[in-house]
Amino acid sequence: MEYRVEHLRRRLADGDTAELGIGIDLRGDTVVLTGSVATIEHRERVRVIAEAELAGVPLLTDLVVTRADPPDRPEVLP
């Protein structure tokens, strides 16, 4: 199991995903993904990759989407 987790960690760090801020923890027989991603699409891509790499292993995905877009309106100060 640990080998598969390390392989997932390497796969997420390489290629077009390049997601380095994701924690991958083994809790009992479940793999838990935590951290932040830039977009909903990145979160989905990470989930799909993890499910493919860890087929048959229970997976909990707790990834938060953090948007770094500029504000769409000026800030109003009191």
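Is Gly-56 buried or exposed? Gly-56 is exposed, with a relative accessible area of 81%, where exposed means over 50%, buried means under 20% and partly exposed lies in between (1.4 Å probe, protein chains only).

This is a predicted model, in which local features need pLDDT of at least 70 and side-chain atom pairs count only at pLDDT 80 or more, while totals for chains, interfaces and linings use all residues. Residues are numbered from 1 along each chain as its sequence is written, and side-chain values use heavy atoms, with hydrogens and water left out.

**View 1. The whole chain, with two helices and three strands.** Read from the N terminus on, the elements follow the order α-β-β-α-β; helices (H or I, at least four residues) and strands (E, at least two) are DSSP runs, numbered from the N terminus. The chain is more spread out than a compact globule, because its radius of gyration is 15 Å, well over the 12 Å that the globule rule gives for 78 residues. That radius is taken over C-alpha atoms, and the rule is 2.2 Å times the number of residues to the power 0.38. Along the principal axes, the C-alpha atoms fill a box of roughly 55 × 25 × 15 Å.

**View 2. The surface and the contacts of the chain.** Of the 78 residues in the chain, 23% are buried. The accessible surface comes to about 5500 Å², and 53% of it belongs to carbon and sulfur atoms; such areas come from the Shrake-Rupley method with a 1.4 Å probe, and for residues only the protein chains shown count as cover. Among contacts (heavy atoms within 4.5 Å) between residues at least 6 apart in sequence, 60% join residues at least 24 apart.

**View 3. The loop around Gly-56 and the end of helix α1 at Ala-13.** Gly-56 is found in the loop between α2 and β3 (59–65). Although Gly-56 and Glu-41 are 15 residues apart in sequence, their C-alpha atoms are 23 Å apart in space. Ala-13, in helix α1 (residues 2–13), counts as partly exposed at 31% relative accessibility. From Ala-13 to Leu-63 there are 50 residues in sequence and 16 Å in space, C-alpha to C-alpha.

View 4. Side chains of opposite charge can pair when their charged atoms come close. Here the side chains of Arg-47 and Glu-44 meet in a salt bridge (2.2 Å, N to O), a term for a side-chain nitrogen of Lys or Arg within 4 Å of a carboxyl oxygen of Asp or Glu. Arg-47 is partly exposed at 26% relative accessibility, and Glu-44 is partly exposed with a relative accessible area of 38%. Salt bridges that share partners join Glu-44, Arg-47 and Glu-51 into one network.

**View 5. Further salt bridges, among the six that the structure holds.** Asp-25 and Arg-27 meet through their side chains in a salt bridge (4.0 Å, N to O), and Asp-25 is partly exposed, with a relative accessible area of 34%. The side chains of Asp-72 and Arg-73 also form a salt bridge (3.0 Å, N to O), and both of these residues are exposed. Over the chain there are 10 positive and 15 negative side chains, and the centres of the two sets lie 2 Å apart. In this count Lys and Arg are positive and Asp and Glu negative, with His and the chain ends not counted, and the place of a charge is taken as NZ of Lys, CZ of Arg, CG of Asp or CD of Glu.
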